[in-house]
Amino acid sequence: GGNDERGLLGMAFHPQFASNGFVYLYYIESGSNDSVVSRWTSNDNGQTIDPGSEFVIIRINQDAGNHNGGEIAFGSDGHLYIGLGDGGGGGDPRERGQDTTNLLGAMLRLDVDGASPYGIPGNNPFVGNALCPADHSSTTDCPEIYAFGFRNPYRWSFDSATGELWLGDVGQNQWEEIDRVDRGGNYGWDCREGAHDFEPAGCPANLIDPVAEYDHSEGVSVTGGVVYRGGAIPSLVGDYVFGDFASGTIWHLTSDGQGGYVRNELLQTNFGIAGFAEDVVTGEMLLVDRFGGRLHLFENAGGGGGSPLPAQLSAVGCFDANDPTQPVGGLIPYQPNASFWSDGADKERWLAIPDGQTITIGADNDFDFPTGTVLAKHFRLQGQLIETRLFMRHPNGTWAGYTYEWNAQGTDATQVVGGKVMDIGGQDWIYPSGAQCLNCHTAAAGRSLGLEVAQLNSDLTYAATGRTANQLTTLDDIMMFAAPLAGAPSTLDALADPTDPNAPLDERARAYLHTNCANCHRPGGAAQGTLDFRFDTALSATGGCDVNPVNGDLGVANARVIAPGDADRSVLWLRMGVRDANAMPPLASNLVDGAGRTLIRDWIQGLAGCT
């Protein structure tokens, strides 16, 4: 159980499987943490694998639980290809992509039918050198390498028609990339992230640019896909289809006729896109959804796309058509105990569910909303209404976010498609894209952030009646819940208000981390590493207390995610204070939360240990 990249990562059948029964598995070995590719034998035509038949082909030492790559496959040349990341852990390991004396950050190509345990294909770039050891101690270029300069080639594939190798390489902080890989190519990491300089000092000049890239306004973790060669969707034939694990967006690359590619959005989904595959018989395309635990088949739906909402907020139906600053009667106000930092904006929030529907409270005390749900939020800066966001659960069960920009007169708001940044009173305000909404409203956190028992267990004065009442009790009394509350509000969890100086410091800090960090930093979340910042996770179990950071130490000696008693060695606190490539949160904010950062510093300074 952690949110890292260990376990069984890849599987490939030998081209002559029907006669030899050979199956190859790529896994991270428990205990040693090594990357291992082994050959196993099936004696019943693939129904089972003989558990005693393992023959280790190659072993590579790893020092972290991330950036392991994950794909293995046989090419049309009959050789086994293995995609490896740079080993994770931040700092020096990032440079391994440019160091061809070790096996990490590279695409390997092995002849598993030659010498034992493997031979080197005759035209590998560094053929003739001694095989590289598992511990990266070689002083010569590794002959196993086919191409290099990768950060984390988690998913890649061969075009079944042309044999070309297409690869999705997961970026660091800003850019995700798609590469078309050729023998001997250097694809840039960590000199470059995508087509952009990252650490360019001393780098070679022959770096190969990606064929496509996107920044973190659209997604944060690319999942490589396949070139579509099926027959069900004629318009996609020959296009490369891929997605983003966190945002659920699916794109396709179409040739521009001049050697390049045009990236087009194909679908917005709520899937945790963990991989794509092809049906070996029909050539049709499949998708693996980690969040739902399902395998999906692409079909030709026909028809067009487009926004399902009107361009003007006054026409949406959630707010008064004559005065869209005011919600319609069906919207119920709510206020979470611990508010998410939104660059200093004040917010008003409402929820609505369809008549006859109810909200289910899960075992984790999070709310599960029915289809047709609408969540709405006004944003004000210095008293000026600047934005309204809607978050809706559509009839097919997927969530989608929409944002509206208010005019200067405050009379109506216009939908912003694709996101943008505007100067408002000298402040760069972010109007998020739909993909950015889903990057923060993660599936692991239940999509509807701020709507859970611990967040709404507090009193609210309802403007429509002037009455003050507990929010949970109010929702229960008007039959919004599928089942009665588990107990009186006094017996249920309640988050502290991080801004309340009378609340215990530990409770305030944990509430802040729960609201601002735990949407991604929790089991199944989109963030790297194994951090779990939910308020009810014991500090010792968060994966961060007195633990080395997995994504860089910011140049701090003896850095920890949380160093008890020493905020200056705590990258959690340090990253809260920047808005560059090392920022936390990594998107949706241009201003540092000074009060929140002071709170977390005071909390860390007061920690005597991790218990």
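Trainee: Which residue is the bridge partner of Trp 175 in E14?

Mentor: In this predicted model, Trp 175 has Asp 215 of E14 as its bridge partner. That bridge belongs to the pairing of strand E11 (residues 175-181) with E14, which runs in the antiparallel sense over 4 bridges.

Trainee: What is the order of the strands in the open sheet?

Mentor: The sheet has 4 strands in the order E9-E10-E11-E14, paired in antiparallel fashion. Strand E9 (155-158) and strand E14 (212-215) are the edge strands, and each has a single partner, so one side of each lacks a neighbour in the sheet. From one strand to the next, the twist averages 10°.

Trainee: Turning to helices, which residues of H7 are buried, and where do they fall as seen down the axis?

Mentor: Buried here means under 20% relative accessible area, and in H7 this applies to Gly 596, Leu 599, Ile 600, Trp 603 and Ile 604. Viewed down the axis of H7, these buried residues fall within an arc of 130°, so they line one face of the helix. Their cover includes helix H5 (505-516) and helix H6 (571-576). As for its length, helix H7 (residues 594-605) has 12 residues and reaches 16 Å from first to last C-alpha, close to the 16 Å expected at 1.5 Å a residue.

Trainee: What is the phi of Asp 343, and is Asp 343 buried or exposed?

Mentor: Asp 343 has a positive phi, near 50°, although it is a residue other than glycine. Its place is the loop between strand E22 (332-334) and strand E23 (346-352), and because its relative accessibility is 4%, Asp 343 counts as buried. Arg 447 also has a positive phi, near 70°; it is found in the loop between helix H2 (434-440) and helix H3 (453-456), and Arg 447 counts as buried at 4% relative accessibility.

Key. Residues numbered from 1 in each chain as written. Predicted model: local features only at pLDDT ≥ 70, side-chain atom pairs only at ≥ 80, totals over all residues. Heavy atoms only, no water. Pairing = 2+ DSSP bridges. Helix = DSSP H or I, 4+ residues; strand = E, 2+ residues; numbered from the N terminus. Axes fitted to C-alpha atoms, helices over the stretch in contact; angles between N-to-C directions. Expected span 1.5 Å × (residues − 1). Buried < 20%, exposed > 50% of the residue type's maximum accessible area, 1.4 Å probe, protein only. Arc of directions from axis to C-beta. Contact = heavy atoms within 4.5 Å.
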